[in-house]
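Open the structure in your viewer and follow the stops below. Each one tells you what to select and what is there.

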Protein chains: 2
Amino acid sequence: MSLLYLDYNRTTPLAPSVLEAMQPYWSTHYLLPGQQHAHAHAVSEALENARESIAAMAGCESFEIVFTSGGTEANNLAILGAVGVAEPGHLLVSEIEHESVLGPIKGLAQRDPRWQVEVIPCRPCGTIDPSVVESMLRSDTRLVCVQGANAVLGTIQPVREVADRCHNHGVRLHCDATQMFGKVPVDIKSLRADTAAISGHKFYGPKGSGAVYIRRGLKLDPITFGEPREMGLRPGAENVPACIGLGAAASLAERFCSSPSDQLAGLRDQLIQRLYELMGDPPIVLCETTERLPNTVALELPGDARRLAESSRELAIASAQTSSPPDEFTRSLRAIGRSESEIGRTIRVSVGWTTSREQVDRAAELIATAYDC
Amino acid sequence: MSLLYLDYNRTTPLAPSVLEAMQPYWSTHYLLPGQQHAHAHAVSEALENARESIAAMAGCESFEIVFTSGGTEANNLAILGAVGVAEPGHLLVSEIEHESVLGPIKGLAQRDPRWQVEVIPCRPCGTIDPSVVESMLRSDTRLVCVQGANAVLGTIQPVREVADRCHNHGVRLHCDATQMFGKVPVDIKSLRADTAAISGHKFYGPKGSGAVYIRRGLKLDPITFGEPREMGLRPGAENVPACIGLGAAASLAERFCSSPSDQLAGLRDQLIQRLYELMGDPPIVLCETTERLPNTVALELPGDARRLAESSRELAIASAQTSSPPDEFTRSLRAIGRSESEIGRTIRVSVGWTTSREQVDRAAELIATAYDC
């Protein structure tokens, strides 16, 4: 079956140059950095070069980057590692966070009732209000979690404004930045987050790769234990090919995002324009006036999104899934005030670096056909 | 620099057929199992086939296998997940376990003093005594951890006898089986462990791959949180290529270990014999009369092991590292009563499937030259 892939916010294919960078580390340079051989030292050097590429992409120092097995582990380590060194208290988390942020926060409160969780509301425009966050801070607030950009709506959150308000009260901010890399330039130092999560497979890096940014001097506890690796924060044999791949993807992302061309936004806007041209009852663009990721659009269609799935088996997009508890898709749309029937009519389209204008036109035709027949 | 690799217990190169099995999942079948497209269903099927291959190698059901990012995470999940569902109490761990077993046990006790840890001693023959384990069990013992085989000495532990004694007292047994796969046939059901750890890169699978066996019906808590995956025990986007690679490596290991030939033991014994022929003062084979992994030998040489490192930059073997706390190498040798000077003279040689007789001869020559000149 052919595949018209417009679901890049969920996962991306590995970039060919990333695969190429990884290949020698499977069967040729297969030693681990800690082994007693010169080959191992060479591997260690390659790993540190990869760490530097990630730091360059993220705008931080390489010693502030800890490799993980992905974005979920990065969020868990940043959150559970931060609370591990703190007295139980108050936690603030935005309601449109990914499960890997909400999960550890809620898991913690379930295990120890001394942790109290409050949820930061999202405005209909798709962003949280920094002054609301500030008003919710308490003297015992230990951590605030606010994502960089929402995966469903694409809305970019005011992380820096939230961070400044948190820091004024001596509170740490964790930022799940996984949806930003490879789409917009990210400068973690400007965002002023204390910790941030990075996921390789969201920007053409390998699945099973990720990293957490930890601001210099910040203390975290590890969440798993073993041979001390990664500054004592992440034990276990290094997944060398994944680390090298993450580094290669970071170099690509840095180059792609620093170019002035607005390729991704152009493709997204072309899709919207074509739908307006083709459909008698065109879709509503959610959070249209809010600053959003250039590759992402949430569209409310004139009928149930399942109609699209039935009529076009070619197109890969995201829509609401029936799951309990509700997933990020449903939660994000509920948070901005959409009704259940509106949520059922909504799709999220996310384009990628290799999406073509022809693919966008074809997608628009498939969508228009599904709703106009 | 050329590499005469005899350190297969530390890590192995990826087998070419494993790499081949993984390749399509990077850039062609890159969807995640949960995505809304037929391509994703195909990926999901491939993942379940890989799980079945692992179950076939390990002698269990596929629904008893949970994918992890490696052996360290597998040990952590089995241990911390088991204690998560238990009242604080008593824990028993053998003194020759890997850091990823000792680490979570000790980490737990440090965080919550209601957990009491006792260490099971190792006999000079390199194995623990099941009756000693039984004598150490208490009414509040929650978990016993005993490895399948020691990485340094190669000694195979009496897991089944320990498991039976634990079960008679209603106590769970976790087995770090990471050193067994690909070297000896493993039948987890016969070992009777309740949980067991598997690490892909120890048997020609990818780094960053692993699994934990969880006996049917056993309850564990997850240790990280996010989108529910792997029966709710391991969240995060599936590392599909790693899972496929682990499955392919399991198929190879099952085939290799079921063949009657004693290829690994033949190479190991050839090395010992050559050293006896070449050296005026031949090495002592540690735990020589104990049942051991066929690929592993710990050799006590007539002089400091650093002499070997200096004289032969070609050979990759394992020897004592100065680290605090002491690593598995030093701990295992101390446990069987070796002195610090004896430990400093000891190397661990571990051969692999592709080690040749010529390589073994060359290694023997290099060792003999280093100590006879």
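What is the order of the strands in the open sheet of chain B? This is a predicted model. Colour the strands of chain B and read across: β2-β8-β7-β6-β5-β3-β4, 7 strands with mixed pairing.

Now select β2 (65-68) and β4 (116-120) of chain B. These strands stand at the edges, and each has a single partner strand, so one side of each lacks a neighbour in the sheet.

Next, pick β3 (residues 90-94) and β5 (residues 141-145) of chain B. They run parallel, joined by 4 bridges. Zoom in on V93(B): its bridge partner in β5(B) is C145(B).

Move to the interface and show both chains. Chain A gives 64 residues to the contact, and chain B gives 64 residues. The buried area is about 5000 Å², with 56% from carbon and sulfur atoms.

How many salt bridges cross between chain A and chain B? There are 2. Polar contacts between the chains number 25 residue pairs.

Last, select α5 (99-111) of chain A, among the elements that give two or more residues to the side touching chain B. Helix α5(A) gives the largest share, 6 residues. By class, that side of chain A has 27 nonpolar, 25 polar and 12 charged residues.

Terms used: Residues are numbered from 1 along each chain as its sequence is written. Chains are lettered from A and ligands numbered from 1 in the order in which they are written. This is a predicted model: local features need pLDDT of at least 70, side-chain atom pairs count only at pLDDT 80 or more; totals for chains, interfaces and linings use all residues. Side-chain values use heavy atoms; hydrogens and water are left out. Contact means heavy atoms within 4.5 Å. Buried area is the accessible area (1.4 Å probe) that two parts lose on being put together, summed over both. A salt bridge is a side-chain nitrogen of Lys or Arg within 4 Å of a carboxyl oxygen of Asp or Glu. A polar contact is a pair of N or O atoms within 3.5 Å; within protein, one must be able to donate a hydrogen and the other to accept it, and residues adjacent in sequence count only if both atoms are side-chain atoms. Ala, Val, Leu, Ile, Met, Phe, Trp, Tyr, Cys and Pro count as nonpolar, Asp, Glu, Lys and Arg as charged, and the others, Gly among them, as polar. Two strands pair if DSSP finds at least two bridges between them.
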